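Dear colleague,

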Amino acid sequence: FLFLMLFAFLVDKWSLFHIGAVVVVLVNYGRFWTDLLAFFVRPFKESPIQGLAFLFPPYTAYYLLVHFDRMRPILRRMATSCIPIVLVLLAYAFIPALNPEAAKESDLRDKIRSAQRELQKETKNLLKDVEKEIEGAHAPAPTAQPKGKKSAHPTAGDSEPGPM
C-alpha cells in the first residue's frame with residue numbers, strides 16, 4: 001500500500017493515495033496495539049507475580065533495564081509502527097492536493113491537525129464502505145412466493161389464530 005501511495009502520487013490519482021494511506025494507518029495502528037499488548041504480557045510469561053509487579057512504574061523501569069534484550073524487539077516494533085503513520089500525517093499536512101485546508105494554514109501545528117482530521121474522515125468513509133459491502137454479502141436473498149399460497153410461518157399481519 002506504500003507503493004500504491006507512491007504510484008498515486010506520481011500519476012496524480014489522489015483517490016488511490018487515500019485508500020493506500022487509510023490501509024497503511026490502520027495496519028500500523030493495529031500493529032502498534034498488538035505490540036503494546038505483547039509489551040505488557042511478556043513479564044507474565046516468567047511468573048504472574050513478576051507480571052503484576054511490572055504494572056507498577058518503579059519495577060517497570062527495573063525490569064526494562066534487566067531484561068532489555070528481551071524487550072528490545074517489542075519496543076523496536078512499536079517504534080517502527082509509528083513511523084508510517086507519522087509520514088502519512090506529514091503527507092496530508094504538506095501536499096495541498098491531498099488536503100486543501102492544510103494549504104490555507106500557516107502554522108505547522110495547524111497543518112498537522114488538519115491532516116489528522118482529513119485522514120480520520122477518509123478512514124471513517126472507507127470503513128463505512130467496507131461495512132456496507134460486508135452487509136450486502138451476508139444479506140439473505142429474498143424468496144418469492146407464488147400468489148395465493150400462504151407461508152408456512154405466519155407473519156404479524158396474518159389473522160390466523162394460533163392453538164389455544
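The notes below go from the overall fold to the nonpolar cores, some individual residues and a pocket.

The model is a predicted one, in which local features need pLDDT of at least 70 and side-chain atom pairs count only at pLDDT 80 or more, while totals for chains, interfaces and linings use all residues. Residues are numbered from 1 along each chain as its sequence is written, and side-chain values use heavy atoms, with hydrogens and water left out.

The protein has 7 helices and 0 strands, where helices (H or I, at least four residues) and strands (E, at least two) are DSSP runs numbered from the N terminus. Read from that end, the order of elements is α-α-α-α-α-α-α. Of the 164 residues, 27% are buried, a term that stands for under 20% relative accessible area, with exposed set at over 50% and partly exposed in between (1.4 Å probe, protein chains only). The accessible surface is about 12,100 Å², and carbon and sulfur atoms hold 66% of that surface; the areas come from the Shrake-Rupley method with a 1.4 Å probe, and for residues only the protein chains shown count as cover. Among contacts (heavy atoms within 4.5 Å) with a separation of 6 or more, 47% join residues 24 or more positions apart.

In soluble globular proteins, nonpolar side chains tend to be buried together. A nonpolar core is here a set of buried Ala, Val, Leu, Ile, Met, Phe, Trp, Tyr and Cys residues joined through side-chain atoms within 4.5 Å. The largest such core has 16 residues, and those with the most contacts inside it are Met5, Phe17, Ala21, Val88, Tyr92, Leu98 and Leu119. Two or more residues of this core are given by each of helix 1 (2-11), helix 2, helix 5 and helix 7. A second, separate core has 7 residues, including Leu36, Tyr63, Met71 and Met78.

Leu98 lies in the loop between helix 5 (68-94) and helix 6 (100-104), and is buried, with a relative accessible area of 3%. Beyond its neighbours within four places in sequence, Leu98 is in contact with Trp14, Phe17, His18, Ala91, Tyr92 and Glu118. Although Leu98 and Ser15 are 83 residues apart in sequence, their C-alpha atoms are 9.0 Å apart.

Trp14, one of those partners of Leu98, is found in helix 2 and is buried at a relative accessible area of 18%. Not counting residues up to four places away in sequence, Trp14 touches Phe9, Ile95, Ala97 and Leu98, and the C-alpha atoms of Trp14 and Ala97 are separated by 7.5 Å.

Ser81, in helix 5, is buried with a relative accessible area of 0%, and touches Asn28, Arg31 and Phe32 when residues up to four places away are set aside.

The largest pocket has a volume of about 290 Å³. On a 1 Å grid over the protein atoms alone, a pocket is an open set of points where a 1.4 Å probe fits, with protein on both sides within 12 Å along at least five of seven lines, and lining residues have an atom within 4 Å of a point. Grid points are joined across faces, edges and corners, and the volume is the space filled by probe spheres set on the points. Helix 2 (14-46), helix 5 and helix 7 (108-138) each supply at least two lining residues, and helix 7 gives the largest share, 5 residues. The lining consists of Val25, Leu26, Tyr29, Ile85, Leu89, Gln116, Leu119, Gln120, Thr123 and Lys124.

With best regards
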